[in-house]
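I opened this entry to record what I looked up in the structure.

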Amino acid sequence: MSETASSDRIIDLADACVKCGLCLPWCPTYALDGVETESPRGRIALSRHAVDGSLAPETDLRAHLDHCLGCLACQRVCPVPVHYAELLTGYRAALPPAKARPRRLLRMLTRPRVLRFGASVARITAARHWLPPLARLLPRSSAVRAAITLLPALPHQRSALFRNNRASLQPGDWGPGTGDRKTGGKRVALFGGCVQGALERDAQDAAAILLEAAGFEVMRIDGLCCGALAAHTGDAVDMSRKAERVRAAVGAEGLSTLLTATPGCLGTLREDLPDAQVQDAMAFLDLHGEALKFRPLQRKAVLHLPCTQVNVARADGAVRRLLARVPGLQLIELPTKGTCCGAAGSYMLEFPERAVALRNRVFDCMPDPAPDLLLTANIGCRLHLGAGLQQRGARIEIQHPLVLLARCLEGMG
Ligand code: SF4
Ligand code: SF4
């Protein structure tokens, strides 16, 4: 690779690592494989040598860089800190992946209309029952096989309860560019995202209902992809195209606060909109939702905190505090140190066998007997965990925490 400004930057970022190893116990791939090359410290060294040309591009060691989940647990605990997120995006854009990526399939996932249409066809034809057995004829490493095994975990269609209570606005309803100036910050934008926006509409509706009950006017920004999946695959051109579309949509409304119910979008949205306040919807409600009142729910639930909600949004405390406001709800939290369910954006499709091994480590931490409800905020985690639970014959309902909160909101129903 030639010497460029970006390779200089990657080398500077890598050289900040003092090799203390404090990040190692937090890294899920290090916990899985137990080798230095699958650790943050190992990947930092590999990326430096791959970029400065001292590591041959065709070496098997390149695969270890691709195996990174992007969970950013390492960055959260690093005392320096090493800016691992920037390093990861940088080396993924600079270096070709070690194996061919299923780019066509991944691009399809970022098109909400295509996804929604595909999900409807899958429901009408009951594909969840007959397609996964056929997919087992494909190799275990096949991305198509991995995508089909997620079908049994597709969320149900939009709930009537939320559809009937939905009062939020669509772009243009306020008049172009009126923004949040006249309302003292009482207007917020809610970003739907591609996969969650298409497949988990209840979570978007629940977020809007809770925000409106807390006194905010909500502008829905739907039908767009933040670019996170493109970042996972190192497609810098697609990433910047998607960022431009997000900037145009949010800028046209003149809003300064953008919220998302999908923690997986948060880091990329912050990069797309450096001048906006981009927050996890649950962190925002924790700060501004004091008016919300919840009815009791006598139920026990397992709480799964997605890596991005813990390490990027840093909203784990907010999630716990909000759920603790539902009287009677008991939570059993899954551990986050050294674990990741393996969904990780496109990871579950690109490295399905590794994703299953990571998921099994999470299942090993499930209480026995397990409650019949699991809460998780990321659509990827929901699909991947849900598919694994179904394969094990477990009857567990999966909900976004915002859906549970909106269902318990006083005055709903
Ligand atoms: S904790 Fe930070 S400085 Fe220490 S090895 Fe990990 S990345 Fe390097
Ligand atoms: S981002 Fe996650 S998987 Fe990647 S090196 Fe850091 S802790 Fe390990």
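Predicted model: local features only at pLDDT ≥ 70, side-chain atom pairs only at ≥ 80, totals over all residues.

**Overall fold**

I then checked the secondary structure and found 23 helices and 8 strands in the protein. Along the principal axes, the C-alpha atoms fill a box of roughly 65 × 50 × 40 Å.

I also looked at contacts between residues at least 6 apart in sequence; 77% of them join residues at least 24 apart.

**Helix H3**

I checked the span of H3 against its residue count. At 1.5 Å a residue, its 13 residues should span 18 Å, and the end C-alpha atoms are 18 Å apart, so the two agree.

Which residues of H3 are buried? I listed Pro40, Arg41, Arg43, Ile44, Leu46, Ser47, Arg48, Ala50 and Val51. After H3 comes Gly53, and I noted that its phi is positive, near 90 degrees.

**Ligand 2**

I turned to the shell around ligand 2, where I found 14 residues; Cys27, Pro40, Cys68, Cys71 and Cys74 come nearest. Pro40 is also on my list of buried residues of H3.

Which helices each supply at least two residues of this shell? I have helix H2 (28-33), helix H3 (40-52) and helix H5 (73-77). By type, I sorted the shell residues into 11 nonpolar, 2 polar and 1 charged.

Key
Residues numbered from 1 in each chain as written. Chains lettered and ligands numbered in written order. Near = placed C-beta within 6 Å. Helix = DSSP H or I, 4+ residues; strand = E, 2+ residues; numbered from the N terminus. Nonpolar A, V, L, I, M, F, W, Y, C, P; charged D, E, K, R; others polar. Contact = placed C-beta atoms within 7 Å. Expected span 1.5 Å × (residues − 1). Buried ≥ 20, exposed ≤ 12 C-beta atoms within 10 Å, placed from the backbone.
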